[in-house]
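Morning, everyone. I have one structure to go through today. Let me put it on the screen.

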Amino acid sequence: MTLTVSRESFPLREVFTISRGSKTEAQVLTVTVTRDGVTGRGECVPYARYGESPESVEAAIGALPGEVTRGALQRLLPAGAARNAVDCALWDWEAKRAGVPVWRLAGLPAPAPLVTCYTLSLDTPARMRAAAARSADRPVLKIKLGTEDDMARLEAVREGAPRARIVVDANEGWTAEIYAALAPHLKRLGVVLVEQPLPAGADGMLAGIARPVPVCADESCHDRASLSGLAGRYDMVNIKLDKAGGLTEALALRDAARAAGFGVMVGCMVASSLSMAPAFVVAQGAEVADLDGPLILARDREPAVRYEGSVMQVPDRALWG
C-alpha cells in the first residue's frame with residue numbers, strides 16, 4: 001500500500017472569526033492510499049487547540065506501517081486529525097475496491113439529504129444582524145459567540161432573521177456567570193441549542209446551573225472515552241471526525257452517546273467537501289447537523305458536495321465513499 005500526505009489550502013469567502021481568533025483560509029491535509037490499483041482519500045484539519053499542527057500530523061501519519069488496516073489504525077494512533085484522515089481514506093479505498101458505497105459497507109441504511117446549520121462568525125452586533133438578514137431564509141443559523149457582550153449579538157441576530165432557529169456556539173468563551181445571565185433569555189430568542197459555553201476542564205459547574213435549552217459538549221467530547229465525564233453537565237454531544245479520529249470511532253461514539261441518553265450533533269471544522277462526505281454518514285438521524293464547511297469556502301474540491309440552500313445532498317461517490 002502506498003500512503004501519501006499533502007497540504008492544501010482553500011480560501012474562504014470572507015474572514016471567519018470565533019472566540020479564539022480569525023482565519024481567511026482552510027488549511028487541510030489530504031491523505032491518499034493506493035493498493036491493487038484502487039485509491040482512497042481522506043482529509044483532516046490539524047487543530048492547535050488540541051495540540052496539533054500540520055507538521056505533527058504529517059509525522060504521525062508518516063510513522064505508520066506500510067500495510068496499515070483500519071483495525072490496527074485504532075491502536076496505532078490516538079483520536080485526532082491524523083487518524084481521521086487515514087481512517088477515512090481506508091474506508092474510501094475499501095468501498096471503491098468492493099464496488100459498494102461506504103454506508104452499505106458499514107451495514108447502515110441508505111442515507112438521505114439533511115438540513116445543515118449555516119454559521120455566522122463572531123462580529124459586531126450590527127454586522128451580525130446584517131449577516132443574519134442575508135441568511136434569514138435558512139432554517140437554522142449557528143452563531144459564534146463567546147464574549148462578555150453577547151446579549152446584544154443575540155438580539156441582533158434575532159432581529160435580522162426572525163424565523164430561523166438559532167444554535168449558539170461559545171467555543172469555551174463564557175464563564176459560568178455569563179452563561180447564567182444569558183440562559184433565561186435563550187428560549188425567548190429562539191435558541192434551540194448552546195454549544196460548549198464553558199471551557200473544557202472547567203465545565204463541572206454546568207451540573208449545578210439551569211439549562212433552559214439543551215447544552216452540547218464540543219471541546220469536552222472527543223471519543224467514547226469522553227462520555228463518562230459528561231453526564232449531568234451536557235444534554236448532547238457534538239461528534240466531529242477530526243476529534244473522534246475518523247469514521248470508525250465516530251460511528252461507535254454516535255451509538256454509545258445515544259445509548260447513554262445524549263442527543264447527537266454532528267459538526268465539522270472549516271474544511272472541504274472531502275471532510276463533509278464521511279461526516280454526512282454519521283449525521284444521518286442526528287438531531288443537529290452542522291456540515292456547512294464548503295458553504296464558507298470561496299473554492300471547493302471537484303466534485304463537491306451539492307447544497308440546495310441549507311439542504312445537503314447525498315455526496316457523489318466520485319468525491320468519497
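Start with the sheet. It is open, has 3 strands in the order β1-β2-β3, and its pairing is antiparallel. β1 and β3 (38–44) are the edge strands, each with a single partner, so one side of each has no neighbour in the sheet. On average, neighbouring strands here are turned by 20° against each other, direction ignored.

This is a predicted model: local features need pLDDT of at least 70, side-chain atom pairs count only at pLDDT 80 or more, and totals for chains, interfaces and linings use all residues. Residues are numbered from 1 along each chain as its sequence is written, and side-chain values use heavy atoms, with hydrogens and water left out.

Terms, quickly. Helices (H or I, at least four residues) and strands (E, at least two) are DSSP runs, numbered from the N terminus. Two strands pair if DSSP finds at least two bridges between them.

Back to the sheet. β2 and β3 run antiparallel, joined by 7 bridges. Thr 32 stands opposite Arg 41 in β3. Helix α3 (residues 81–98) packs on the sheet and touches β1, β2 and β3, contact being heavy atoms within 4.5 Å. The direction of α3 makes about 150° with that of β3. Axes are lines fitted to C-alpha atoms, for helices over the stretch in contact, and angles run from 0 to 180 degrees between N-to-C directions.

Next, pockets. On a 1 Å grid over the protein atoms alone, a pocket is an open set of points where a 1.4 Å probe fits, with protein on both sides within 12 Å along at least five of seven lines; lining residues have an atom within 4 Å of a point. Volume is the space filled by probe spheres set on the points, which are joined across faces, edges and corners.

The largest pocket has a volume of about 580 Å³. Its lining has 33 residues, with Ile 18, Lys 23, Tyr 47, Met 269 and Val 270 nearest the centre. β2 gives the largest share, 6 residues.

The second largest pocket comes to about 350 Å³. It is lined by 18 residues; Glu 14, Leu 120, Ser 121, Ala 131 and Arg 134 lie nearest its centre. Here the largest share, 5 residues, comes from β1.

Last, helix α10. Why is α10 largely enclosed by the rest of the structure? Because 11 of its 11 residues, 273–283, are buried, meaning under 20% relative accessible area with a 1.4 Å probe, protein chains only. Among them are Met 276, Pro 278 and Phe 280. Just after α10, Gly 285 takes a positive phi of about 85°.

Key. Buried < 20%, exposed > 50% of the residue type's maximum accessible area, 1.4 Å probe, protein only.
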